[in-house]
Amino acid sequence: MGEIKVGTASWTDRTLLESGWYPDEVTTPEQRLGYYARQFPLVEVDATYYAPPNEQTTRLWAERTPAGFTFNVKAFSLLTGHPTKVTALPKDLRPETGKANVYPRDLPAQAYEDVWSRFLTALDPLADAGKLGLLLFQFPPWFTIRRSNKQTLLEAAARCKPLRIAVEFRHASWFDGDNERETLDFLRTHDLPYVVVDMPQGHRSSVPPVVEATSDLAAVRFHGHSARWTSKDIHEKFGYLYSSKELTSWAPKLRSLAERTSQTHVLMNNCYSDYAQRNAAELIDLLGG
């Protein structure tokens with residue numbers, strides 16, 4: 001059986017800091033990351049979706065965590081085709097526009113290439129320290145199954161090599177009928193890790209929890225089952241505490257993934273208060289530590 005690493009998608013969320021999960025004496029960013037890394041072997045960096053990281057920050061992350069700790073990094077929104085705030089771009093790469101948000105097509109070709117190169121270069125300290133896991137490419141709800149979008153996946157993987165990307169879909173077309181087998185076969189053929197998701201069903205962005213591995217690495221993200229999934233308030237959207245019964249039902253599925261991979265990354269993304277940390281700790285216990 002391969003290794004299973006369990007962690008959460010945040011260690012700095014405001015509601016987490018207010019929850020009391022961190023001891024009173026843990027007050028600085030350095031102390032918080034160090035404390036988190038003593039509880040869990042894995043974390044997902046969500047902030048990089050909203051703005052590209054800088055090399056100084058990633059170097060500090062590498063220095064403040066023990067050997068064997070792993071950071072999964074979420075791809076910058078522009079790189080997955082999401083609307084991106086102009087102010088999130090480096091000043092010298094911002095297009096002259098009156099728009100608040102831009103897409104890749106709104107940037108000159110060279111500026112778009114520079115966004116890619118700076119994003120990847122900023123991750124060098126983590127890669128050099130052996131602490132960079134997967135780059136999470138979470139695509140938007142309008143990213144449907146079609147040939148051009150499959151090509152987009154291959155281009156993203158090629159740009160990131162030798163770093164590994166993992167693919168998370170947000171449109172059910174990838175799993176409708178025979179498309180499920182087509183999607184999984186495509187990912188396996190190109191050695192692209194697929195991200196299993198547990199999330200509310202019945203929404204435009206919903207995809208089923210298809211528990212499959214398409215590479216030697218697997219990833220599972222738990223988004224919760226909030227009744228307010230469509231809320232623009234991120235804490236309402238992800239504010240869901242999994243029950244012991246729900247987590248217990250997932251334990252054998254995670255073990256099954258681990259039997260087919262060298263490593264499985266499990267991330268609790270129900271980031272409200274200390275929900276993710278509590279559920280991650282419980283899941284570790286269910287998996288036998």
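Over which ring does the charged end of Lys237 sit? The charged end of Lys237 sits over the ring of Trp229, 3.8 Å from its centre. Here a charge sits over a ring if NZ of Lys or CZ of Arg is within 6 Å of the ring centre and within 35 degrees of the ring normal. Lys74 does likewise with Tyr49, its charged end lying 4.7 Å from the centre of that ring.

Before going on, a word about the model: it is predicted, so local features need pLDDT of at least 70 and side-chain atom pairs count only at pLDDT 80 or more, while totals for chains, interfaces and linings use all residues. Residues are numbered from 1 along each chain as its sequence is written, and side-chain values use heavy atoms, with hydrogens and water left out.

**Aromatic pairs**

A pair of aromatic rings is described by the distance of the centres and the angle of the planes. Rings of Phe, Tyr and Trp (its six-membered ring) pair if their centres lie within 6.5 Å; planes under 30 degrees apart count as stacked, over 60 as edge-to-face and the rest as tilted. By this rule there are 24 aromatic pairs. Two of them are shown here.

| Pair | Centre to centre | Angle of planes | Type |
|---|---|---|---|
| Trp21 and Tyr35 | 5.2 Å | 75° | edge-to-face |
| Phe175 and Tyr194 | 5.8 Å | 50° | tilted |

Trp21, in the loop between α1 (14-19) and α2 (29-39), and Tyr35, in helix α2, are 14 residues apart, so their pair links distant parts of the chain. Helices (H or I, at least four residues) and strands (E, at least two) are DSSP runs, numbered from the N terminus.

Are these residues buried (under 20% relative accessible area), exposed (over 50%) or partly exposed (in between), using a 1.4 Å probe and protein chains only? Trp21 has 17% relative accessibility and counts as buried; Tyr35, at 16%, is buried too. Phe175 and Tyr194 are both buried. Trp21 and Tyr35 also belong to one aromatic cluster, whose members include Trp11, Trp61 and Phe71.

**Helix α11**

After α11 comes Gly288, with a positive phi near 90°.
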